[in-house]
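Subject: Structure for your files

Hello,

The structure you asked for is below, followed by notes on what turned up in it.

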Amino acid sequence: MQLSKKGRYKLVLVIFFILAIVGVAVLYCINWPLFIQAFQAYEGAFEVLLVISIRIVILSITAFYLFHKWFKQEAQYLSDIPFLLGLFFLILIFGKAIDLLWDLTFFTFNDDIVLIFLKFRFFIIIFEVAPLIYLGMEIIFFRLEDRFKKLKDKKYMNRLRSRLIVVIIIIESIAIIAGQNLTIMGLVLPIILIPSLLGIVYIFYMAYSLNRLTLVKPGILTIGFFLYMLSNIFRPLMQNILGETATYIIVVELVDIIIFLIIFLGLYKKSD
């Protein structure tokens, strides 16, 4: 029996979800003795586990809501807003699960292992923001339609967006691979993340001004993603003030929990 397009999309998402869970589980199994050791030697480890777990739950609810919304549509397209945002939140869930392991075990590793771990996490960040950038290109191309008539062809526009995303991922991947030490890697993250989030803030603001992306509330999302961008600047500042402590992690994660509740409010919209 041949699956429908909707059925194939569901199958691919389930397979991705299972593989991601297996991958994270393997990481935890490999580092399990260090993970347990952290609870014995690291003051505030339980609080770190609790606050990051709460954030993962919020991200999971948001991702489920978006994919549920997408599958309720009459037709599903990979360029749809609920799918792209759902993919961002889904990848972020596993990113935070890895962050939890990192937060509780990094102090046991030497610099070489830390560098490898950071590069792995940065690759995940690239794929986290890629759906947001892809979504944002729709708004940019909408502004350019009058100057470049080809952009009115949706198939052409989607092909162009896909190619541009691949180019961006390749360039960012080269930057990560080329990073030779922790200092350089510390500079790579803002280069990857801040411009992407700044672009997303601008794009949602444009969508709000132009009354586009009516499936969501772009005004609230503009505020939410602007705050998320600021939180990524706030993190290193708090790290310098509080050091690599449980208090630092708890404070920045609590701030992000509030921000993502605002973003969820921007994503939630009752059907007309």
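**The second largest pocket**

The lining of the second largest pocket is made up of 23 nonpolar residues, two polar and no charged. Here Ala, Val, Leu, Ile, Met, Phe, Trp, Tyr, Cys and Pro count as nonpolar, Asp, Glu, Lys and Arg as charged, and the others, Gly among them, as polar.

This is a predicted model, in which local features need pLDDT of at least 70 and side-chain atom pairs count only at pLDDT 80 or more, while totals for chains, interfaces and linings use all residues. Residues are numbered from 1 along each chain as its sequence is written, and side-chain values use heavy atoms, with hydrogens and water left out.

The second largest pocket holds about 660 Å³ of space (the space filled by probe spheres set on grid points, which are joined across faces, edges and corners). A pocket is, on a 1 Å grid over the protein atoms alone, an open set of points where a 1.4 Å probe fits, with protein on both sides within 12 Å along at least five of seven lines; lining residues have an atom within 4 Å of a point. Of its 25 lining residues, Phe16, Leu87, Ile91, Phe127 and Pro131 lie nearest the centre. Helix H1 (5-30), helix H4 (81-105), H5 and H6 each give at least two residues to this lining, and H1 has the largest share, with eight residues. Helices are DSSP runs (H or I, at least four residues), numbered from the N terminus.

**Confidence**

The protein has an average pLDDT (the predictor's confidence in each residue, from 0 to 100) of 83, and 93% of the residues score at least 70. Confidence is highest in helix H3 (residues 45-71), with a mean of 91, and lowest in helix H7 (residues 182-210), with a mean of 77.

**Single residues**

Lys149 sits in the loop between helix H5 (111-144) and helix H6 (154-178). Lys149 counts as exposed because its relative accessibility is 54%; the cut-offs are under 20% relative accessible area for buried, over 50% for exposed and in between for partly exposed (1.4 Å probe, protein chains only).

Asp80, in the loop between H3 and H4, counts as buried, at 15% relative accessibility. The Asp80 side chain makes a polar contact with that of Gln73 (3.0 Å). Such a contact is a pair of N or O atoms within 3.5 Å; within protein, one must be able to donate a hydrogen and the other to accept it, and residues adjacent in sequence count only if both atoms are side-chain atoms.
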